[in-house]
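Trainee: I'd like a close look at one part of this model, the sheet and what surrounds it. Please take me through it step by step, with the cut-offs behind your terms.

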Amino acid sequence: MRVSWEQYALNIAQTASSRSEDHHVKVGACALNPQRMVVAVGYNGLASGKDVSYDFWRNRDHRRKFMIHAEVNCLSLFKKGEAEMLAVSLLPCSSCATMIAGYGISKVIYGDTYERDTLALEIFDFYDIECIKYGN
């Protein structure tokens, strides 16, 4: 039996997360267009080309403000309206949720819940974005 499109996209997002250099939280995202074609993938990390020492990664609170979220990296690769569904390995934060709404995404699939910020659920409800937790 084949996996659903939602699970397929989430599997790709989870694989993309393995590219993250963040040792504490690795997050990946995958966007599908209405024809179910992958239009973009992204993962959390620093801007391309930015090299830092190992010590940078040891202090989570210090590095957090410099991290570019997986959703932002993914959304930056296509134009508004080109994607219909976004799968993310971790529930998006509230800032990413508003950006997702701005891109016209109608469905969000996520794997794990980010307990520090669950406002995305309220934001998705407000914007009539279908939001489904897959997995655990």
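Mentor: Happy to! The strands form an open sheet of 5 in the order β2-β1-β3-β4-β5, with mixed pairing. At its edges are β2 and β5 (130-133), each of which pairs on one side only. Direction ignored, neighbouring strands of this sheet are turned by 15° against each other on average. For that angle, axes are lines fitted to C-alpha atoms (for helices, over the stretch in contact), and angles between N-to-C directions run from 0 to 180 degrees. Strands here are DSSP runs of E with at least two residues, helices are runs of H or I with at least four residues, and both are numbered from the N terminus. Two strands count as paired if DSSP finds at least two bridges between them.

Some ground rules before we go on. Keep in mind that this is a predicted model: local features need pLDDT of at least 70, side-chain atom pairs count only at pLDDT 80 or more, and totals for chains, interfaces and linings use all residues. Residues are numbered from 1 along each chain as its sequence is written, and side-chain values use heavy atoms, with hydrogens and water left out.

Let's start with β1 (residues 28-32). All 5 of its 5 residues are buried, where buried means under 20% relative accessible area, exposed over 50% and partly exposed in between, for a 1.4 Å probe and protein chains only. In a regular strand the side chains alternate between the two faces of the sheet. Here Gly 28, Cys 30 and Leu 32 point one way, Ala 29 and Ala 31 point the other way, and all are buried.

On one side, β1 is joined by 5 bridges to β2 (residues 38-43), and the two run antiparallel. Two of the facing pairs are Cys 30 with Val 41 and Gly 28 with Tyr 43. The hairpin of these strands has 5 residues between them, and Arg 36 there takes a positive phi near 70°.

Strand β1 also pairs with β3, again in the antiparallel sense, over 4 bridges. Cys 30 has Ala 87 as its bridge partner in β3, and Ala 29 stands opposite Val 88. Because 6 of its 6 residues are buried, β3 is largely enclosed by the rest of the structure. From β3, 5 bridges lead on to β4 (residues 107-112), and those two strands run parallel. Met 85, for one, has Lys 107 as its bridge partner in β4.

Now to the loop between α4 (70-75) and β3 (85-90), where Glu 82 lies. With a relative accessible area of 38%, Glu 82 is partly exposed. The side chain of Glu 82 reaches the backbone nitrogen of Lys 79 at 2.9 Å. That is a polar contact: a pair of N or O atoms within 3.5 Å, where within protein one must be able to donate a hydrogen and the other to accept it, and residues adjacent in sequence count only if both atoms are side-chain atoms. Leaving aside neighbours within four places in sequence, Glu 82 is in contact (heavy atoms within 4.5 Å) with Asn 33, Pro 34 and Val 39. Glu 82 and Ala 31 are 51 residues apart in sequence, yet 9.1 Å apart in space, C-alpha to C-alpha.

Asn 44 counts as buried at 7% relative accessibility, and its side chain reaches the backbone oxygen of Val 25 at 2.8 Å. Beyond its sequence neighbours within four places, its contacts include Ser 20, Val 25, Met 67 and His 69.

Val 25 and His 69 turn up again at the largest pocket: along with Arg 60, Arg 64 and Tyr 114, they lie nearest its centre among 17 lining residues. The elements giving two or more residues to that lining are α3 (60-64) and α4, and α3 supplies the largest share, 3 residues. On a 1 Å grid over the protein atoms alone, a pocket is an open set of points where a 1.4 Å probe fits, with protein on both sides within 12 Å along at least five of seven lines, and lining residues have an atom within 4 Å of a point. The space in this pocket is about 360 Å³, a volume being the space filled by probe spheres set on points joined across faces, edges and corners.
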